[in-house]
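Please keep the structure in view while reading.

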Amino acid sequence: FTTTYSNRFAAVSVGAGISNWMTYYVNTDIHPFTINYLQATPWDDPEIYAKTSPMTYIKQANTPTLIQHGEKDARVPLPNAYELHQGLLDQEVESKLVVYPGMGHGPTKPKQVLHIMTDNWHWFNRHIFGEDTATQAKKPLYIAVASSKNVSSLVGDVYHQAERDDAHFVVVGADGALYSTLDDAATNISIKDVAATIDTMTNALGDFSTEQMILFSEKIDENRTVLAVLGCLQVAASHHDDVMIEHRIQE
């Protein structure tokens with residue numbers, strides 16, 4: 001509410017925040033809480049839902065806002081973060097959205113806690129004290145495994161997710177290399193030289209200087225080469241400190 005209703009602060013940090021009570025009500029796993037708090041459903045009293053929603057005042061927002069949210073948050077679902085972030089961007093207000101893969105309503109892993117604290121530290125250091133944030137937490141790297149079967153749908157979906165989450169995006173091409181655009185990558189994966197592929201990926205990971213890689217692919221039984229890609233990435237990641245790998249199946 002502070003980021004849209006007031007101009008008295010130099011910066012704001014929103015953690016699992018409710019930006020729109022209507023959006024919250026229809027997505028949360030605790031509907032009775034909203035009714036108890038606002039004394040009505042949005043269908044019975046839309047006015048109270050609008051009056052108490054930060055998004056109602058988005059046109060007057062001017063405070064730089066850091067938004068941190070868990071991907072699997074059932075209590076305050078992720079659409080609340082996307083709505084606030086996009087609204088701020090549309091008003092040309094600086095906003096950074098960080099979505100933590102697999103995280104629920106709060107951090108449960110030490111590395112998540114560290115990342116959250118570090119991001120807040122650098123965010124307020126920059127906006128309050130004017131200090132450079134060159135050491136700010138690094139962007140994740142989203143990797144799409146292209147195949148002749150689903151090259152347009154899977155790769156396109158991953159590309160848009162990367163844009164939304166402010167992540168790096170690459171495609172694994174037919175030669176096992178990482179490409180920044182689909183136009184540069186072949187559409188059928190077939191890794192023949194594992195050693196060369198590992199070397200290429202190791203160098204590419206160094207260029208991106210990332211701490212988290214998320215590999216998106218179809219089911220392994222539909223494209224067995226995904227196993228080879230995953231294996232090569234694991235070996236490549238071992239050459240870089242503190243790089244985590246996550247594999248997500250795209251249906």
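In this predicted model, arginine 75 and aspartate 29 form a salt bridge, in which the closest N and O atoms are 2.8 Å apart. The pair ties together distant parts of the chain, since arginine 75 sits in the loop between E2 and H5 while aspartate 29 sits in the loop between helix H2 (21-27) and helix H3 (31-38), 46 residues apart. The points below take up the other salt bridges and then the sheet with its helices.

**Salt bridges**

- Arginine 75 has a relative accessible area of 33% and is partly exposed, and aspartate 29, at 41% relative accessibility, also counts as partly exposed.
- A salt bridge with an N to O distance of 3.0 Å joins the side chains of glutamate 71 and arginine 248, and this pair links the loop between E2 and H5, where glutamate 71 lies, to strand E8 (residues 244-249), which holds arginine 248, 177 residues apart.
- Glutamate 71 counts as partly exposed at 24% relative accessibility, whereas arginine 248 counts as buried at 14%, because buried means under 20% relative accessible area.
- Aspartate 119 forms a salt bridge with lysine 96, with the closest N and O atoms 3.1 Å apart; aspartate 119 belongs to helix H6 and lysine 96 to strand E3, 23 residues apart, and both residues are buried.

**The three-stranded sheet**

- Three strands make an open sheet in the order E1-E2-E3, with parallel pairing.
- Strand E1 (12-15) and strand E3 (95-100) stand at the edges with a single partner strand each, so one side of each has no neighbour in the sheet.
- On average, and with direction ignored, neighbouring strands of this sheet are turned by 15 degrees against each other.
- E1 and strand E2 (residues 65-70) run parallel and are joined by four bridges; serine 13, for instance, has leucine 66 in E2 as its bridge partner.

**Helices across the sheet**

- Helix H5 (residues 79-90) lies across E1, E2 and E3 and runs at about 160 degrees to E3, while helix H6 (residues 110-129) lies across E1, E2 and E3 and runs at about 175 degrees to E3.
- The 20 residues of H6 should span 28 Å at 1.5 Å a residue, which agrees with the 27 Å between its end C-alpha atoms.
- Buried residues of H6, including Ile116, Asp119 and Trp123, pack against E1, E2 and E3.
- Just after H6, glycine 130 adopts a positive phi of about 70 degrees.

Methods:
Residues are numbered from 1 along each chain as its sequence is written. This is a predicted model: local features need pLDDT of at least 70, side-chain atom pairs count only at pLDDT 80 or more; totals for chains, interfaces and linings use all residues. Side-chain values use heavy atoms; hydrogens and water are left out. Two strands pair if DSSP finds at least two bridges between them. Helices (H or I, at least four residues) and strands (E, at least two) are DSSP runs, numbered from the N terminus. Axes are lines fitted to C-alpha atoms, for helices over the stretch in contact, and angles run from 0 to 180 degrees between N-to-C directions. Contact means heavy atoms within 4.5 Å. The expected span of a helix is 1.5 Å times one less than its number of residues. Buried means under 20% relative accessible area, exposed over 50%, partly exposed in between (1.4 Å probe, protein chains only). A salt bridge is a side-chain nitrogen of Lys or Arg within 4 Å of a carboxyl oxygen of Asp or Glu.
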